[in-house]
Amino acid sequence: MAFEPVLSRNVGHPEALTVRGYRDRGGYVALEKGLKMEPAAITEEVKASGLRGRGGAGFPTGLKWTFIPKDSPKPKYLVCNADESEPGTFKDRLLMEKDPHQLIEGCLLTSFAVGAATTYIYIRGEYVDAANILERAIADAYQSGILGANVMGSGFRHDIYVHRGAGAYICGEETGLLESLEGKRGQPRVKPPFPAVVGAFGCPTVINNVETICCVPHIIERGSAWFKAIGPDERNTGPKLYAVSGHVERPGTYELPIGVTFQELLDVCGGIWKGRQLKAYVPGGASAPVLSADDRHLRLDFDTMAKAGSMLGSAAVMVMDDTTDMVRVCYRFAKFFSHESCGQCTPCREGTNWLTLLLHRILDGHGEPKDLDLIVSVANQIGGNSLCALGDAAVGPAKSFVTKFRHEFLARMGAAAPALAS
Amino acid sequence: MSEPQAAGTTLPENVRQRLDVLRKRYPTPRAVLLPALHLAQEANGGWLSDAVIEAVAAELGLPNSDVYGVVTFYDLYHQKPVGRHRIRVCTNVSCMLRGSDEVMAAIAQELGVGEDEVTADGRCSYVHFECLGSCDTAPMMMIDQRYHENLTPEKARQIVKELE
C-alpha cells in the first residue's frame with residue numbers, strides 16, 4: 001500500500017517549521033497560485049474536489065463556503081476549529097506541531113476564497129506546545145510578508161490569531177466554539193441562523209477543521225481532479241489521517257487514501273498487540289457507535305461507516321482486543337459525555353447522567369437485565385432532543401455497546417467489578 | 001496561597017499590559033475573557049480566587065456573575081489552590097485500554113493524597129482528565145504544560161517523585 005503522504009509530508013522534516021524551510025519543501029506555492037485566481041474559482045475547485053469536513057460531520061467544504069453571503073457589509077471571519085477533543089483523536093495536533101505553515105497557507109487560501117480578513121485558530125487549552133509552535137510560525141509569516149497588510153504582494157490583507165480554549169469538549173461544536181471565542185460559556189446556539197450568516201461576533205463565518213483546511217493548498221496546487229482520484233468513489237475523496245489507538249502494536253497517525261478498510265489499516269499498524277484477537281473497534285472517536293470484529297473488512301469512509309450504523313467522525317480508530325471489558329469501556333464513554341454535556345438541554349444533561357449511573361450499577365455487579373432496556377430507552381429520549389450533536393453522540397456508544405455486546409453486560413449481573421480509578 | 005485574597009485586588013501590571021495587546025485582536029471587549037483568566041490564573045499560582053475573578057471582571061467591565069459562570073464552565077480554571085505542579089492523568093478510553101487506571105493508582109499512592117487535593121508540602125495535586133489528544137502514546141499524563149507519554153506505573157511514579 002504505497003501512498004505518498006500529502007498532509008503529513010513534512011512530518012520528520014523540522015526545517016518546515018520556518019517559512020524558509022517550508023518554502024524549500026514546496027510550500028506557499030499554492031498560495032502564490034491562489035492569490036492570482038478569482039476567489040470564486042478557489043471555492044469551485046474545492047467544491048469539485050469532493051473534499052468533506054474532516055472534523056467529524058463530513059459536510060462538503062466548498063459548499064459550506066458558498067453559504068457566506070456575498071453582499072453582507074459586515075466583516076467575514078474564518079475560524080479554524082483546532083479544539084480537537086474527540087476522545088481518540090490526535091491528528092490535528094500532529095498537523096499543527098509538525099507543519100504549522102501548511103495550516104497557515106490553508107487558512108490564507110480559504111480566507112481569500114470567502115473574503116475573510118481575519119482567522120481565529122481556536123485551539124484547545126491543553127495543546128500548549130501546538131499553540132506555541134503556531135504562534136512562532138505566524139510571527140515568522142508576518143516577518144516574511146505572508147501575513148499582514150499585503151499578503152505576498154497581492155494587496156490581500158490577512159491576520160491570523162491563535163485563541164486558546166480552556167478545557168471543554170463542547171467547544172468543538174461549532175457554535176459552542178463561537179460562544180467560547182466571544183468570551184462566554186461554550187453553550188451551543190440555536191440554528192438557524194447558521195454561522196455562515198451569523199457566526200463570530202454576529203458576522204458571516206466559515207468554520208473548518210484543521211485537517212480540512214490543510215487539504216486546501218494541495219487541491220489548489222495539484223487540482224481537484226488529482227484530489228478526487230484518491231479514494232474509493234466520488235463522495236469519499238482525498239488523503240485522510242487515521243489516528244489509531246488502543247490495542248494495536250503500533251498506535252499512531254497514518255495517512256492513507258480515504259476509504260481503506262479497517263483490516264488494511266490494522267495491518268499497517270502491525271495488527272492487534274500481544275498476538276491477541278480483535279474484538280471490536282470504534283471508527284471515529286467516542287461519538288461513533290462500536291463495530292465488531294465481523295466489520296473488519298468495511299471501508300473507513302463517510303458513507304460506508306454511515307451505512308454500517310456508525311460514522312467516520314474524526315477517523316479516530318480505537319481498537320479493542322479480545323480481553324477488553326466492554327462494560328467498562330461503555331461506562332467510560334458514558335461518563336465522558338455526562339461530564340462534557342454543557343447542561344443546556346434537559347434530555348442531554350439528565351439523560352447522560354442516568355446512562356452513567358445505570359452503567360455504573362451494572363459495572364458494580366448490581367445491575368439487572370431490565371437495565372439494558374432502560375439504557376436503550378433513556379438513550380432514545382436523548383437522541384434528536386438536544387440543540388447540538390453531543391446528545392446524539394452520547395447515544396451512539398451506549399446503544400451500540402449494550403446491543404452488540406449484550407451477553408457481556410448480562411454476564412456482569414451479580415458479579416462485582418474491580419475498583420476503578422476513574 | 002490559600003489565604004483569602006482581599007477584595008479590591010487588581011491584576012498584575014504585566015497581565016494588564018498583555019491584555020492591552022490582546023484586546024486589539026477582537027472586535028468585542030469580552031472576547032479577551034478566556035485569555036485574561038488564563039493569564040490571571042498563571043500569575044496567581046495556578047488558581048483563581050474570588051478576588052482574582054472579580055479583578056478580571058472589573059478589568060473587563062463585566063458583571064462578576066458572568067465571569068464566575070465562565071470560570072465554572074471550563075476544566076482548566078481552578079477555584080481552589082493547586083499544587084506547584086499540576087498533574088492531569090488522561091483516563092479516557094484510549095489510555096484506559098493501555099493501563100491509565102494503574103498509572104492513576106501509582107500516582108495516588110506516591111503522593112498519599114486524594115484526587116484534587118494538594119500534598120502537605122504544596123508540591124503536587126493531581127486529577128484524572130478527559131482525552132488529551134496523545135492516544136498514540138498512551139497512557140499519558142500532563143504535568144503543568146508538558147506531556148509525559150508511554151507511561152508505566154513505575155515510570156509515572158518516578159516522574160512524580162522527581163518533581164521539585
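Predicted model: local features only at pLDDT ≥ 70, side-chain atom pairs only at ≥ 80, totals over all residues.
Q: What makes the contact between B:Glu149 and A:Arg93 a salt bridge?
A: The cut-off is 4 Å between a side-chain nitrogen of Lys or Arg and a carboxyl oxygen of Asp or Glu. For B:Glu149 and A:Arg93 the closest N and O atoms are 3.7 Å apart, so the pair passes the rule. Between chain A and chain B the count is three salt bridges.

Q: How do you know that A:Lys191 and A:Glu173 form a salt bridge, and what does the pair tie together?
A: Their N to O distance is 3.6 Å, and the limit is 4 Å, so this one counts too. A:Lys191 sits in the loop between α8 and β4 of chain A, while A:Glu173 sits in the loop between β3 and α8, so the pair links parts that are 18 residues apart in sequence. Over all chains, the rule gives 37 salt bridges.

Q: Why are β1 and β2 of chain B called paired strands?
A: Pairing takes at least two bridges. Strand β1 (residues 85-90) and β2 of chain B share six bridges, in the parallel sense, so they qualify under that rule. As one example, B:Cys90 has B:Phe129 in β2(B) as its bridge partner.

Q: What makes β2 and β4 of chain B edge strands?
A: The open sheet of four strands in chain B runs in the order β2-β1-β3-β4, with mixed pairing. β2 (124-129) and β4 (146-148) each have a single partner strand, so each has one side without a neighbour in the sheet. Neighbouring strands here are turned by 25 degrees against each other on average, direction ignored.

Q: How do you know which strands are at the edges of the sheet in chain A?
A: Look at the order first: β3-β2-β1-β4, four strands in an open sheet with parallel pairing. β3 and β4 (205-209) each pair on one side only, which marks them as the edge strands. From one strand to the next, the twist averages 20 degrees.

Q: What makes β1 and β4 of chain A partners?
A: β1 (residues 77-82) and β4(A) have five bridges in the parallel sense; at least two are needed, so the pair counts. Within this pairing, A:Cys80 stands opposite A:Asn208.

Q: How does α7(A) run relative to β3(A)?
A: α7(A) lies across β2 and β3 of chain A, at about 165 degrees to β3(A).

Q: How do you know how big the interface between chain A and chain B is?
A: The size of an interface is often given as the accessible area lost when the parts come together. Here the two chains bury about 4100 Å² between them, 56% of it on carbon and sulfur atoms. On the chain A side, A:Glu126, A:Ala166 and A:Arg332 lose the most area, together 15% of what that side buries. The contact takes 58 residues from chain A and 40 from chain B.

Q: What does the side of chain A that touches chain B consist of?
A: Across the interface there are 23 residue pairs in polar contact. Elements giving two or more residues to this side of chain A include β2 (118-123), α7 (128-143) and β9 (316-321). The largest share, eight residues, comes from α13(A). By class, this side has 28 nonpolar, 17 polar and 13 charged residues.

Terms used: Residues numbered from 1 in each chain as written. Chains lettered and ligands numbered in written order. Heavy atoms only, no water. Axes fitted to C-alpha atoms, helices over the stretch in contact; angles between N-to-C directions. Contact = heavy atoms within 4.5 Å. Buried area = accessible area lost by both parts, 1.4 Å probe. Polar contact = N/O pair within 3.5 Å; in protein donor to acceptor, adjacent residues only side chain to side chain. Nonpolar A, V, L, I, M, F, W, Y, C, P; charged D, E, K, R; others polar.
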